Amino acid sequence: MDERVSLAIIGGGPAGLAAAAAARERGVEDIVVFERDTRLGGILNQCIHNGFGLHTFKEELTGPEYAGRYIEKVRQLGICCETGSMALSISPDREITVVSREKGLRVVRADAIVLAMGCRERPRGALNIPGTRPQGIYTAGTAQKLVNCMGIIPGREVVILGSGDIGLIMARRMTLEGAHVQVVAELMPYSGGLKRNIVQCLDDFGIPLKLSHTVVDIRGRRRLEGVTIAQVDRTGAPIPGTGIDYPCDTLLLSCGLIPENELSLTAGVALNGATNGPLVDDRLQTSVPGIFACGNALHVHDLVDFVSEEAGRAGTHAAEYILNGGHGAGPCVRVMPGEGIRYTVPTTVHLGDGDDQVRLRFRVRDVYKGRAIRVTSGGEAVLLKKRRIMVPSEMEDVAIDRRRIVDGDLRVEIVEVEP
């Protein structure tokens, strides 16, 4: 059974819902959101802690409350949302193969598609941790779902590897549930989470954070019995003689997130090796015309508020593509990450005479204090913004007047501040 829609959105989390709402408000009527879970909201449904919505709604909400605002919005706008529907593949000409219990296997043809599949956690197999393979090793997100959604405590003596935000939040959550979190070990010399989470989730509960440390051994046959944590050098190699044994029954892994882009590859979308997400222009359009990307499927964000804002722009540009019969190619310039910059989103920007601003988001490679962000266009400086401190765990965001962008690469870099 073949169907046709104007706009198909893959993913019913915060990104997909925000994109759908923005497209409907822009004038697209025929929209469908495909969500593989049985309910909308995505990962926010298991994030019962507060701290969401300060930018978007100017108030502090829990994850389910934040998701609920957008779920109610798409319902009020009359947008079709198919839960329990999994997209299996996307062709380059925007044909989506979808399967669900209610409608079986079918092909949906879309005039435009927004990719909003979110991201997944990096598992133990991708970390190359030596040792046995007992029970008791979980990703932090899996443990979060067990505790918050199913009422199951994974263990009582806990070690956490990785200081990403989910790991930090689970250190607090496990403590509140009566478990003993012995230590959080981080391979890098800086934390992978937000500063506020370090303070509220570790410092406030007396949980130690060991930077430049990693797990070098796992012990146990049926159930985890303990791990060994050692200090690492600048190359990440363990330093002999620094290992400390921690008896424990649970190891939580919070070692990074990876954008979900298996569907993007079936569509022929080009990916960015630095982010594992699609390469996009300033309209958030991928290398395949009519296919847009946003949220954690594009690059991993630190705040869901930024996900919603970006997804709103993706929905708006997808609507413009549909209503205008496609975007003209137009001249573009590349956005190049310079000194101290790991990646930028977007990677290309259209030249034009409009008075709108181009927003660049990026992450730095290291911790920088008292430096500045410099953006040059064709070799000429168009922005210089001082920052007291920049860290890899927090995304940077700058806006540039499009009229100042000329033919030639747009370059973003970290520079010393003139005295």
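This is a predicted model: local features need pLDDT of at least 70, side-chain atom pairs count only at pLDDT 80 or more; totals for chains, interfaces and linings use all residues.

How many aromatic pairs does a search of the whole structure find?

Author: The search of the whole structure turns up 4 aromatic pairs. Let's zoom in on the pair made by Phe-57 and Tyr-66: their ring centres are 5.4 Å apart and the planes of the rings meet at 70 degrees, so this pair is edge-to-face. The reasoning takes two cut-offs: rings pair if their centres lie within 6.5 Å, and planes over 60 degrees apart count as edge-to-face.

Tyr-66 has a relative accessible area of 0%, so Tyr-66 is buried. Phe-57 has 25%, so Phe-57 is partly exposed. The cut-off behind those words is that buried means under 20% and exposed means over 50%, with partly exposed in between.

Okay, zoom out. The chain holds 7 helices and 27 strands. Its radius of gyration is 22 Å, close to the 22 Å that the globule rule gives for 419 residues, so the chain is as compact as a globular protein of that length. Along the principal axes, the C-alpha trace spans about 65 × 65 × 40 Å. Tyr-66 is buried, and across the chain, buried residues make up 53% of the 419.

How does the chain connect to itself? Take the contacts with a separation of 6 or more: 62% of them are between residues 24 or more positions apart. You'll find Leu-257 in strand 18, residues 257-259. Leaving out residues up to four places away in sequence, Leu-257 touches Cys-119, Arg-120, Glu-121, Arg-122, Ile-166 and Val-300. With a relative accessible area of 31%, Leu-257 is partly exposed. Try the distance to Leu-17 too: Leu-257 and Leu-17 are 240 residues apart in sequence, and 21 Å apart in space from C-alpha to C-alpha.

Last stop, the backbone in a few loops. Asn-128 isn't a glycine, yet Asn-128 has a positive phi of about 55 degrees. Look for Asn-128 in the loop between strand 9 (119-121) and strand 10 (137-139). At 66% relative accessibility, Asn-128 counts as exposed. Asn-276 isn't a glycine either, and its phi is positive at about 65 degrees. This time the loop runs between helix 6 (262-266) and strand 19 (291-293), and Asn-276, at 37% relative accessibility, counts as partly exposed.

To finish, check the bond joining Val-345 and Pro-346: this peptide bond is cis, with omega at about 5 degrees. Pro-346 is in the loop between strand 21 (341-345) and strand 22 (348-350).

Conventions
Residues are numbered from 1 along each chain as its sequence is written. Side-chain values use heavy atoms; hydrogens and water are left out. Helices (H or I, at least four residues) and strands (E, at least two) are DSSP runs, numbered from the N terminus. The radius of gyration is taken over C-alpha atoms; the globule rule is 2.2 Å times the number of residues to the power 0.38. Buried means under 20% relative accessible area, exposed over 50%, partly exposed in between (1.4 Å probe, protein chains only). Contact means heavy atoms within 4.5 Å. Rings of Phe, Tyr and Trp (its six-membered ring) pair if their centres lie within 6.5 Å; planes under 30 degrees apart count as stacked, over 60 as edge-to-face and the rest as tilted.
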